[in-house]
Each structure stands twice: as C-alpha cells, then as structure tokens.
Amino acid sequence: MDESHIPQDYLKRVRETHENGGSTASIGWRYDWSLDEAKKNVLRTHTTSVSSRTLYKIAQGGFRPGKYFSIDRVYRNETLDKTHLAEFFQIEGFIVDRDLNLGHLMG
C-alpha cells in the first residue's frame, strides 16, 4: 500500500487516536501505533467494511436509489467442530432511497 496518497494530517490523527484518544473523549487503545503494522493484510471478520465503503462512494458520487449486496468470505477465531468452521460466507445488503421505512424492507 502506498501511503503517499493519504494526507499526513490524517495519519497523524489516526496515530494520536490509537495512542491516546486524540481529540476524542476516548483514552485510545494506549499502544504505539505503527503505519507498517496498519498496512498489513488482516483476515476480514465481517463485511461491514464493504457496506461502509459503498455508502461512502454513494455519498461522494451523488445520491441515487439502489439495492446493494455483498457476499464475501469472512473468518472467525472459532473452536472448530462439526457445526463451526473458521471461515464462512457472509451475505449483507442494504437499500438506499428516500422515505423508506421498515415496512418497505419487510415487503
């Protein structure tokens, strides 16, 4: 990953937030944050990051109604047995439009 496209002030805020809470009301995680460590690949434990990234792109590109779904492999630190594996597929979706409510989702 090339961090040259990431603003330095953003990286500074991330470091400060992890180490001591930064400008938030949090005390942070109280460890020395490392860019090299942050750049390592991590096995995805859920697909929420896919939805978050998609919602961000929708917000940046102008609103338009749509249905968005992801099917991705995710990993868990589980004790393996006949009903639990360390990896599985998670399905996630959301619908974007104006004036939607729970009744629309239930059909």
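Contact means that heavy atoms lie within 4.5 Å. Among contacts in the protein chain between residues at least 6 apart in sequence, 43% join residues at least 24 apart. The structure is a predicted model, in which local features need pLDDT of at least 70 and side-chain atom pairs count only at pLDDT 80 or more, while totals for chains, interfaces and linings use all residues. Residues are numbered from 1 along each chain as its sequence is written, and side-chain values use heavy atoms, with hydrogens and water left out.

The protein chain contains four helices and two strands; helices (H or I, at least four residues) and strands (E, at least two) are DSSP runs, numbered from the N terminus. The order of the elements from the N terminus on is α-α-α-β-β-α. The radius of gyration, taken over C-alpha atoms, is 19 Å for the protein chain, whereas a compact globule of 107 residues would have a value near 13 Å. The globule rule is 2.2 Å times the number of residues to the power 0.38. Along the principal axes, the C-alpha atoms fill a box of roughly 50 × 45 × 30 Å.

Of the 107 residues in the protein chain, 16% are buried. Buried means under 20% relative accessible area, exposed means over 50%, and partly exposed lies in between (1.4 Å probe, protein chains only). The protein chain exposes about 9000 Å², of which carbon and sulfur atoms supply 54%. Accessible areas come from the Shrake-Rupley method with a 1.4 Å probe, and for residues only the protein chains shown count as cover. There are 15 positive and 15 negative side chains, and the centres of the two sets lie 4 Å apart. In this count Lys and Arg are positive and Asp and Glu negative, while His and the chain ends are not counted. The place of a charge is taken as NZ of Lys, CZ of Arg, CG of Asp or CD of Glu.

Helix 1 (residues 8–20) holds H18. H18 is buried, because its relative accessible area is 18%. Leaving aside residues up to four places away in sequence, H18 touches G28, W29, R30, Y31 and W33. V14 is also placed in helix 1, and V14 is buried with a relative accessible area of 17%. The C-alpha atoms of V14 and W33 are separated by 8.4 Å, and the two residues are 19 residues apart along the chain.

R30 lies in the loop between helix 1 and helix 2 (35–38). R30 is not a glycine, yet has a positive phi of about 60°. With a relative accessible area of 55%, R30 is exposed. D99 is found in the loop between strand 2 and helix 4 (102–106). The phi of D99 is near 60°, a positive value in a residue other than glycine. D99 is exposed, because its relative accessible area is 73%.

A search of the whole structure finds one aromatic pair. The rings of Y68 and F94 have centres 5.4 Å apart and planes at 25°, so the pair is stacked. Rings of Phe, Tyr and Trp (its six-membered ring) pair if their centres lie within 6.5 Å; planes under 30 degrees apart count as stacked, over 60 as edge-to-face and the rest as tilted. The pair links distant parts of the chain, with Y68 in strand 1 (residues 66–75) and F94 in strand 2 (residues 87–96), 26 residues apart. Y68 is partly exposed, with a relative accessible area of 21%, whereas F94 is buried at 17%.
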